[in-house]
Amino acid sequence: MSLRAVARLEWSIIRADRTLYWMAALIACVLSIAAFSGASQIRAKTEVLQKLVAADADKTERLQLSWDQVMQGKLRPEPFANPTDPASVGSGLGARYNVLPYEPLAFMALGQADLYPNYYRVTTRNKTTFLYDGELENPWRLLSGAFDMAFVLTYLLPLLAIAWCFQLVSGEREQGTLRLVLASRLSGLQWLATKALVRWAALWLVVCLCVVALVMMQASGSIQWARMLWVLALCGAYLGFWCALCAALNVLRFTSAMNALLLLGAWVLLTLVAPVVLQVVVQWIEPMPSRTELAARTRLVTIEGLRRHQDQLQADYRYVADPGALLPKQGRFEVPARRLASFKIAQEVDREIEALLAQFEVQKARQQAWVERFSWISPAIGMHEALTALAGTDAARYARFQADVAQHHEQWKAFFEPRMTEGIAIQREDFERLPQFEGAAELARPDKVGQASGTRFIALVFLLVGLAWGFSQRNPPERWLKARA
Amino acid sequence: MLALLALFVFLCAISAAVGWSEQRSIEQERVVASRLDYQDWLAQAPKHPHDAAHQGLHVFKPPAPLSMVDPGLTPYLGSTLWLQAHRQSDVRFRPATDATGLKRFGTLSVAWIIQVLGPLMILVMGFGLYASEREQGLLRQTLALGVAPSRLAAGKALALISVAALLVAPLLFAGLWAAWNVLGSTSQSYGEVVLRTLGLTGSSFVYLLAWALVVLAVSAWARQARVAIVVLLLGWIAATIAAPRLSADVVRLMLPTPTREGFTTSLDQAMQKSHQAAWLKELGSSTRWGAELPLSQWGKALRVDDQAGYRALDEQFGALWDRFEAQQRVQQWAGIVAPLLAARSISMTLSGTDFAAHRAFAASAEQHRRRMQDLISHDLEKHADARGEQHFTYKAGRELWAQLPPYVPARVGLQQSLMQATPGLLALAAHLGLAFALWWVLAVRRLTP
């Protein structure tokens with residue numbers, strides 16, 4: 001029997017027993033539920049972002065209008081919402097949202113999107129007051145995780161591969177057809193590899209069709225084909241690992257039930273246990289600084305600031321005695337001393353705790369580096385990290401977004417600092433000159449992500465092929481007819 | 001099998017050790033930070049009391065003694081609150097945001113191991129108890145010898161139940177270790193931790209017992225061992241891996257969670273409405289902190305403003321937290337079919353790491369903030385308002401700061417925890433009833449050789 005004949009025979013067996021159809025229906029059904037769930041969440045989140053962007057869009061016009069009305073004496077400015085006062089504009093009146101739009105494939109892998117917000121409102125207040133707010137979400141749901149396509153592809157797809165390939169040899173032996181197969185001129189390993197390859201190809205084809213169809217139906221915006229092709233390639237390589245594992249185990253002559261058990265044990269170890277253990281190890285090697293210490297340091301800096309600016313804080317609100325104090329005079333505006341002191345204290349807090357905050361980022365980056373270094377111990381880690389990176393919802397991208405926001409925060413403060421300290425009133429054209437957020441939290445390059453994880457999976461497949469060959473030296477095909485006791 | 005058991009115990013030991021070490025360092029830091037924070041509050045130089053409120057206080061949530069066996073929702077909830085003037089703070093610095101994306105795979109803990117891997121151990125040890133014997137013809141021989149199916153079922157059940165008891169043993173030991181190491185004055189007492197541990201162990205045992213009965217029933221029904229293992233594995237994957245995620249997403253569709261932006265807007269509107277009404281009624285002005293407010297009424301305005309906000313804060317935060325609890329309750333009831341949901345809820349409630357414990361902390365911290373705010377506004381009203389235009393020259397000293405006692409975190413008592421756990425307990429009991437019925441029908445009444 002030639003390799004082609006084995007492949008044809010395997011394909012006719014697959015078609016005859018109809019398992020593939022059931023499996024295809026199951027994959028389509030589960031992936032559809034996951035895609036619907038992910039898409040509905042991303043749609044709701046996108047609507048929020050659109051609302052924020054729309055609200056910000058006409059802000060300049062509204063502020064200019066109220067500035068005109070104040071200057072023409074048609075509107076009496078409020079002490080804490082005065083469009084001519086740099087302190088009011090910088091601390092909230094003119095504040096705009098820094099927004100990170102969701103990528104079209106975000107619905108596939110929600111990743112960290114339910115933990116981190118995709119928007120921050122930047123003001124002149126210190127960054128601990130806004131940059132560490134999480135998205136509002138039920139902690140129970142965060143603990144459970146999302147039922148998205150990344151979950152199905154990372155956790156459930158290997159189980160289907162196991163169900164599909166766990167009895168490549170043992171099934172033939174238990175049905176009594178193995179003797180016939182081994183009598184052909186093909187070597188046992190070639191026969192096994194062909195069978196595994198056909199089954200892998202059939203399963204991958206089903207996954208590809210489902211993923212492409214769902215992406216075309218659910219993706220928001222234009223489809224990022226390069227990213228999607230990498231997703232498909234990764235699915236193929238990931239499936240390849242699990243099919244190769246099944247084939248390698250089948251060489252060891254266990255019964256089908258034992259194969260199923262051992263493969264499930266491998267799945268539990270690689271998919272459930274290894275990631276949580278690696279997380280513990282990484283935290284132990286690169287511990288994060290203490291958040292309690294950060295709170296204590298923030299408090300101490302605030303106390304020191306309150307002490308240092310005590311005189312300014314004592315000043316009264318002059319506008320009560322002199323309502324004209326709320327209006328600029330010849331382009332000058334004397335910012336109330338209390339507000340100026342609050343701004344300076346916020347500046348000092350930012351400056352003093354910068355080093356400590358940077359330590360958090362450094363430690364997190366180090367932890368991530370360890371995860372990348374050791375992700376080969378579990379293909380599930382590589383698959384999940386790659387899918388979230390391709391979807392733009394990975395932890396690294398949110399860290400880049402926070403860094404961009406922090407940078408914009410500095411620009412925002414730098415714009416207002418001279419105006420506040422030198423008493424320069426906000427001019428009409430200043431509203432158009434307000435610093436714009438230009439951070440894009442660059443997406444991970446798809447080829448880089450795909451190659452990193454794909455290479456690992458393929459290396460693991462080769463390792464398993466080598467193992468299968470090694471096993472076959474001790475368990476030559478002529479002994480496959482008898483199950484291991 | 002012994003190797004599997006050894007791996008199970010090893011993982012439990014490692015996770016208990018890691019949990020204990022983390023809990024100890026967090027508690028030590030918390031005790032020191034709380035003390036220093038209050039000392040700083042008392043040691044403030046004389047200043048305008050409102051500035052003292054801007055300095056505020058930090059309060060820290062004490063880790064529950066049993067968080068070392070079940071951290072529950074802790075990684076997704078912060079433990080630090082900055083109590084400041086004007087507005088209720090949200091808890092910050094969720095530990096999950098200080099971790100890599102791997103955190104989303106789960107948190108290694110004794111409870112997680114028992115809830116997720118425990119049923120798998122039962123399944124591996126029990127799937128062939130009937131099915132393999134049937135395949136080998138041993139079951140026919142046994143029944144032919146006159147052994148009653150009920151006696152056979154009882155014997156096999158006893159064997160598998162013993163395994164379940166063995167599997168929950170690490171939880172009992174870890175819980176007792178936690179009780180032995182009860183730290184800090186605000187933690188639960190030794191006796192309470194022991195009782196909680198017994199409850200936790202008991203409910204985990206019931207959870208595994210239900211799994212044991214289901215495994216026996218499927219094994220008794222299946223003609224072949226491989227059918228039994230495939231059916232059971234599918235059930236395990238559906239109930240422990242897929243169900244928590246799927247149910248969380250379904251509940252989100254049924255009872256949506258507001259976005260942070262939506263919540264903030266709603267809170268702002270409610271506060272504005274409440275403030276406007278109060279300012280108009282008490283101060284004769286519709287504008288908050290407007291130019292027409294005389295400084296001789298600044299302290300009074302602060303009191304009016306704060307107290308008007310309390311109701312809006314209670315309503316808005318109450319509605320949000322009620323929504324979280326309603327979402328959780330639906331999932332607790334889903335525990336009838338997916339027992340992990342019920343077991344997890346009971347476990348975190350008895351461990352004091354559930355949302356109710358967090359809510360109690362956040363609510364008590366807010367009460368403390370209000371106490372600080374009321375103290376300050378009353379003092380300003382009494383002493384600073386009288387100075388008229390010189391209002392902001394007033395400075396208070398240690399006598400005022402000392403009137404605010406140190407913060408004592410709220411505790412959720414055992415009785416309250418049991419009340420919280422009731423839906424989960426009922427769901428687990430219902431699931432056990434279903435499992436028992438299945439076992440009775442398939443392994444006792446309709447057992448065929």
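**Chain contacts and a helix pair**

Modeller: Four salt bridges are counted between chain B and chain A. This is a predicted model, in which local features need pLDDT of at least 70, side-chain atom pairs count only at pLDDT 80 or more, and totals for chains, interfaces and linings use all residues. Residues are numbered from 1 along each chain as its sequence is written, chains are lettered from A and ligands numbered from 1 in the order in which they are written, and side-chain values use heavy atoms, with hydrogens and water left out.

Biologist: Why is the pairing of R104(B) with D114(A) called a salt bridge?

Modeller: A salt bridge requires a side-chain nitrogen of Lys or Arg within 4 Å of a carboxyl oxygen of Asp or Glu. The closest N and O atoms of R104(B) and D114(A) are 2.9 Å apart, so the pair forms a salt bridge.

Biologist: What makes α1(B) and α6(B) roughly parallel?

Modeller: The axes of helix α1 (residues 2-42) of chain B and helix α6 (residues 149-180) of chain B come within 10 Å and cross at roughly 20°. Angles under 35 degrees count as roughly parallel; α1(B) and α6(B) are therefore roughly parallel to each other.

Biologist: Which residues of α1(B) and α6(B) meet?

Modeller: With contact meaning heavy atoms within 4.5 Å, L5(B), F8(B), C12(B), A16(B) and W20(B) in α1(B) meet L166(B), L167(B), P170(B), A174(B) and W177(B) in α6(B). The residues of this contact divide into ten nonpolar, no polar and no charged, where Ala, Val, Leu, Ile, Met, Phe, Trp, Tyr, Cys and Pro count as nonpolar, Asp, Glu, Lys and Arg as charged, and the others, Gly among them, as polar.

Terms used
Axes fitted to C-alpha atoms, helices over the stretch in contact; angles between N-to-C directions. Helix = DSSP H or I, 4+ residues; strand = E, 2+ residues; numbered from the N terminus. Parallel < 35°, antiparallel > 145°, perpendicular 65-115°, else oblique.
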